[in-house]
Amino acid sequence: MPVRAVLFDVGDTLWHAAGAPPPAEFRRRAAERAAAFLRVRGLPAADPAALARACWDAMEAAMRAARSGDLVEPDYPRVAADAAAALGVPLDRAAAADFLDAIYVSGAEGGKVAYPDARPTLDALRQRGFRLGIVTNRAFGGERFRADLREAGLDIDWDVIAVSVEVGYLKPHPRLFHAALDALGLAPSEAVMVGNSLAEDIAGAQRLGMPAAWKRSAADADGVVPDFTFDRVSELLDWSLLAEAARVR
């Protein structure tokens, strides 16, 4: 079947955090936001900075465990609520979700910028008739993620956006890829995956029979051979598989 869609990872594929503040600045901002959140909610906390750090560290630890385990996306609000309880701060699951969102430094504020050729490449692929989608591992989805895309100039009216925290599974789990494919009504052979992780993007897609292009990065898996390797996003336009698919439309 001809290729009809191009699915993208986002982080270090379409955007990167070249201008990210140093870790100490992230912590400072998170501490300020934690204090404001607790003040508005009337919740006691002797050390808002410690609370923010504990909840964030617990969330990241849960994600790492899931990535090396069953690939089921953790319940981050519950994880954060448990971390807060250990510090004597009573947060129910809903409040913990709001707290994580409050302390999250994202988008342009977090230094995320699109690669210069990312948007022109997406526009060119759209002009060639391809449907475009996102398949990404992220602990935050919804409007926060969509706003980050807008800030980066990557709000292109995507045909599908499959975010791990919304689907419930992390790449390379097949269910995250299938969430995008099913929404598009396509078989794996009718789409290609583009990403920077050999383990998550390339191997995960290829196991389903989906060709995959790797944006060269630090290798995180052995024995995985991409169908196409590139350094600049615009090089995708020269991938023979996509060029030929566009010609037969």
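**Note on pockets and helix packing**

1. α2 gives the most to the lining of the largest pocket, namely 10 residues. Helices here are DSSP runs of H or I with at least four residues, strands are E runs of at least two, and both are numbered from the N terminus. A pocket is an open set of points on a 1 Å grid over the protein atoms alone, where a 1.4 Å probe fits, with protein on both sides within 12 Å along at least five of seven lines. Lining residues have an atom within 4 Å of a point.

2. On provenance: this is a predicted model, with local features needing pLDDT of at least 70 and side-chain atom pairs counted only at pLDDT 80 or more, while totals for chains, interfaces and linings use all residues. Residues are numbered from 1 along each chain as its sequence is written, and side-chain values use heavy atoms, without hydrogens and water.

3. The largest pocket has a volume of about 1,200 Å³. A volume is the space filled by probe spheres set on the points, with grid points joined across faces, edges and corners. Lining it are 39 residues, of which W56, E60, Y104, K112 and R138 are the closest to its centre. β2 (15-16), α1 (23-41), α2 (48-67) and α9 (198-206) each supply at least two lining residues.

4. The lining of the largest pocket divides into 18 nonpolar, seven polar and 14 charged residues. Ala, Val, Leu, Ile, Met, Phe, Trp, Tyr, Cys and Pro count as nonpolar, Asp, Glu, Lys and Arg as charged, and the others, Gly among them, as polar.

5. The second largest pocket has a volume of about 200 Å³. Its lining has 13 residues; P77, A139, F140, G141 and V165 are the closest to its centre. α4 gives the largest share, four residues. The lining divides into eight nonpolar, one polar and four charged residues.

6. The axes of α2 and α3 come within 8 Å and cross at roughly 135 degrees. Axes are lines fitted to C-alpha atoms, for helices over the stretch in contact, and angles run from 0 to 180 degrees between N-to-C directions. Angles under 35 degrees count as roughly parallel, over 145 as roughly antiparallel, 65 to 115 as roughly perpendicular and the rest as oblique.

7. The axes of α3 and α4 also come within 8 Å, crossing at roughly 95 degrees. The two helices are therefore roughly perpendicular. Contact (heavy atoms within 4.5 Å) joins Y76, P77, R78, A80 and A81 of α3 to R93, A96, A97 and L100 of α4.
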